[in-house]
Amino acid sequence: MQKLLSLISKNLILAIPVVMVAGFVAGLLAPVGWLKGLIVPLTFLMVYPMMVTLKLAKVLEGGDLRAQGLAQAINFGIIPFVAYGLGVFFFPAQPYYAMGLLLAALLPTSGMTISWTGFAGGNLGAAVKMTVLGLILGSLATPFYVRWLMGASVPVDLWAVFGQIVFIVFLPMLAGHLTQGHLVRKYGQKAFQAEWGPRFPPWSTLGVLGIVFVAMALKAQQLADRPGELAHLLLPLLALYGINYLLSTVVARLLLPRGDAIALVYGTVMRNLSIALALAMNAFGGAGSEAALVITLAYVIQVQSAAWYVKLTDRLFGKRPAA
């Protein structure tokens, strides 16, 4: 099972579209209302495993201060407002689609930030720190951004959103931290990093695919009735990622050395779509499936674009130094 999950994790480019199609077909052929009961367990399965390997102590380490500051300025001072503007423009009468776009923009960095930074030869230490900071800051800021930007068009219970953030992020973070501490004490840091730690993230992928299946199944009938809907949703997502890549690349090239520059790009463009998806499905009732559909499509763009950007990094930032 572990090998199968690892294989799926490495092939999300194919796995997510396949699961989307499967969810769509299931939603057309069978009753799917009961799938809502799977959202909470799938949420935990999605978030907890990736928290076990999170290195919270990285936040306290010094160095790469400029890269960290620039990343958070882009993540919280620019991109959420770009997403909000695109949502208003593309979805003036569909506020929950706009909400999905905003949620995707409000929760920066994920395990993908670290992975793709490594593939491109960037500064892994900076990427890990951006991941931890982005997760914590994004979780704290999201309820306020959602209430401030979307409160006029979508009913937003601030405390309910906070409650979901605690349930979706901070409880799994605590559980993951305790699990990591227990395994390190029992087997040692070296064994945890080499043997135990890598076992957890693939299970998160199973949770992601489960939530994607549920979100697609719940929207299948609506998509069948409006076949142009997916194209309508893809345009603002392509615009959001395109603007994000362009802005981050320009800032990184002008202000940072190669390693930090690559970490900055992946620390600002890669979004924590797993948590955004869980929040959409848990915090906004039945209408949350509309927001979740936008986030599901963002997975496709994010994984594909990250892979292609690796091929451009040497051209954009110079060749990586010889080992």
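Author: Let's begin with the helix that gives the most to the lining of the largest cavity: H12, with three residues. A word on the basis: this is a predicted model, in which local features need pLDDT of at least 70 and side-chain atom pairs count only at pLDDT 80 or more, while totals for chains, interfaces and linings use all residues. Residues are numbered from 1 along each chain as its sequence is written, and side-chain values use heavy atoms, with hydrogens and water left out.

Helices here are DSSP runs (H or I, at least four residues), numbered from the N terminus. A cavity is a set of points on a 1 Å grid over the protein atoms alone where a 1.4 Å probe fits but cannot get out, and its lining residues have an atom within 4 Å of a point. Grid points are joined across faces, edges and corners, and a volume is the space filled by probe spheres set on the points.

Searching the whole structure turns up one cavity of 30 Å³ or more. The largest cavity holds about 40 Å³ of space. Around it stand Ile79, Ala104, Ala105, Leu240, Tyr241, Asn244 and Arg271. Both H6 (95–106) and H12 supply at least two residues of that lining. By type, the lining has five nonpolar residues, one polar and one charged (Ala, Val, Leu, Ile, Met, Phe, Trp, Tyr, Cys and Pro count as nonpolar, Asp, Glu, Lys and Arg as charged, and the others, Gly among them, as polar).

Now to the packing. Two packed helices are described by the angle between their axes and the distance between the axes. Axes are lines fitted to C-alpha atoms, for helices over the stretch in contact, and angles run from 0 to 180 degrees between N-to-C directions.

H12 (residues 229–255) has H5 (residues 79–90) as a partner: their axes come within 10 Å and cross at roughly 155°. That makes H5 roughly antiparallel to H12 (the word applies to angles over 145 degrees). Their crossing is right-handed, a term for a near helix turned clockwise from the far one by less than a right angle. On the H5 side the contact (heavy atoms within 4.5 Å) is made by Ile79, Val82, Ala83, Leu86 and Phe90. H12 answers with His232, Leu235, Pro236, Ala239, Leu240, Ile243, Asn244 and Leu247. This contact of H5 with H12 counts 11 nonpolar residues, two polar and no charged.

H6, the other helix named for the lining, packs with H8 (residues 124–150) at an angle of about 150°, their axes 10 Å apart. H6 and H8 are therefore roughly antiparallel, and H6 passes H8 in a right-handed crossing. From H6 come Pro95, Ala98, Met99, Leu102, Leu103 and Leu106, and from H8 come Gly138, Thr142, Tyr145, Val146, Leu149 and Met150. Here 10 residues are nonpolar, two polar and none charged.

Definitions and conventions:
Angles under 35 degrees count as roughly parallel, over 145 as roughly antiparallel, 65 to 115 as roughly perpendicular and the rest as oblique. On a 1 Å grid over the protein atoms alone, a cavity is a set of points where a 1.4 Å probe fits but cannot get out, and a pocket is an open set with protein on both sides within 12 Å along at least five of seven lines; lining residues have an atom within 4 Å of a point.
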